[in-house]
Amino acid sequence: MSESPVLIVFCTCPDEPSAKAVAQRLVGDRLAACVSLLPSVVSVYRWKDQVETDNEVLLWIKTTSAAYASVETAIRSTHPYELPEIIAVESALGLPDYLQWVHDSCSASS
């Protein structure tokens, strides 16, 4: 495939309103084909030398590697956290028609 790989970008948000704001921005700006919101994940992490436990909303962002830099910029400008989680993994395989839909949906950003 000559097109850039499809990525799944993981990002946690503190609540549903902020998660929806990030999702709407990414899809509205054609930076992501789809953003799935998984509510009520519990995150345990170290922040400023303290162990924290918080309920968060996990975003699964379906995008392309060509759009990744813009996705990261959009998340950072919309997200309420000082240091948002932004982790991308490349899809190894997928339904070809779905992968093409991701590319078509992000075409304005590539």
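Colleague: Is W101 buried, partly exposed or exposed, and at what relative accessibility?

Modeller: A word on the source before the case: this is a predicted model, in which local features need pLDDT of at least 70 and side-chain atom pairs count only at pLDDT 80 or more, while totals for chains, interfaces and linings use all residues. Residues are numbered from 1 along each chain as its sequence is written, and side-chain values use heavy atoms, with hydrogens and water left out. Burial is read from relative accessible area, where buried means under 20%, exposed over 50% and partly exposed in between (1.4 Å probe, protein chains only). W101, at 35% relative accessibility, counts as partly exposed, and Y98, at 33%, counts as partly exposed too.

Colleague: How do Y98 and W101 lie in helix α3, and how many residues apart are they?

Modeller: The general idea is that an α-helix has 3.6 residues a turn, so residues three or four places apart point the same way. Here Y98 and W101 both lie in helix α3 (residues 96–105), 3 residues apart, which is about one turn of the helix. Helices (H or I, at least four residues) and strands (E, at least two) are DSSP runs, numbered from the N terminus. The buried residues of α3 are L99, V102, H103 and S105, and these buried residues pack against β1 and β3; contact here means heavy atoms within 4.5 Å.

Colleague: How many aromatic pairs does the rule give?

Modeller: A pair of aromatic rings is described by the distance of the centres and the angle of the planes. Rings of Phe, Tyr and Trp (its six-membered ring) pair if their centres lie within 6.5 Å, and planes under 30 degrees apart count as stacked, over 60 as edge-to-face and the rest as tilted. The count by this rule comes to 2 aromatic pairs. One of them is F10 with W60, an edge-to-face pair at 6.2 Å centre to centre with 90° between the planes. Since F10 lies in strand β1 (residues 6–13) and W60 in strand β3 (residues 50–64), the pair ties together parts that are 50 residues apart in sequence. Y98 and W101 also form an aromatic pair, a tilted one with 5.2 Å centre to centre and 45° between the planes.

Colleague: Which relative accessible area does F10 have, and how does W60 count?

Modeller: F10 has a relative accessible area of 23% and is partly exposed, and W60, at 36% relative accessibility, counts as partly exposed.

Colleague: What is the phi of R30, and what is the phi of K48?

Modeller: Most residues other than glycine have a negative phi, and most peptide bonds are trans. R30 has a positive phi of about 60° although it is not a glycine; R30 is found in the loop between α1 (16–28) and β2 (34–47) and counts as partly exposed at 34% relative accessibility. K48, likewise a residue other than glycine, has a positive phi near 50°; K48 sits in the loop between β2 and β3 and counts as exposed at 59% relative accessibility.

Colleague: Where does S65 lie, and which residues does S65 touch?

Modeller: S65 lies in the loop between β3 and α2 (68–78) and, not counting residues up to four places away in sequence, touches S4, P5 and L7. S65 and V51 are 14 residues apart in sequence and 33 Å apart in space, C-alpha to C-alpha.

Colleague: Which residues does A88 touch?

Modeller: A88, which lies in strand β4 (residues 87–90), touches L7, I8, V9 and Y68, again not counting residues up to four places away in sequence. A88 and E72 are 16 residues apart in sequence and 9.8 Å apart in space, C-alpha to C-alpha.

Colleague: In what order do the elements run from the N terminus on?

Modeller: The chain has 3 helices and 4 strands, and from the N terminus on its elements run β-α-β-β-α-β-α. Of the contacts in the chain with a separation of 6 or more, residues 24 or more positions apart account for 73%, and buried residues make up 35% of the 110 residues.
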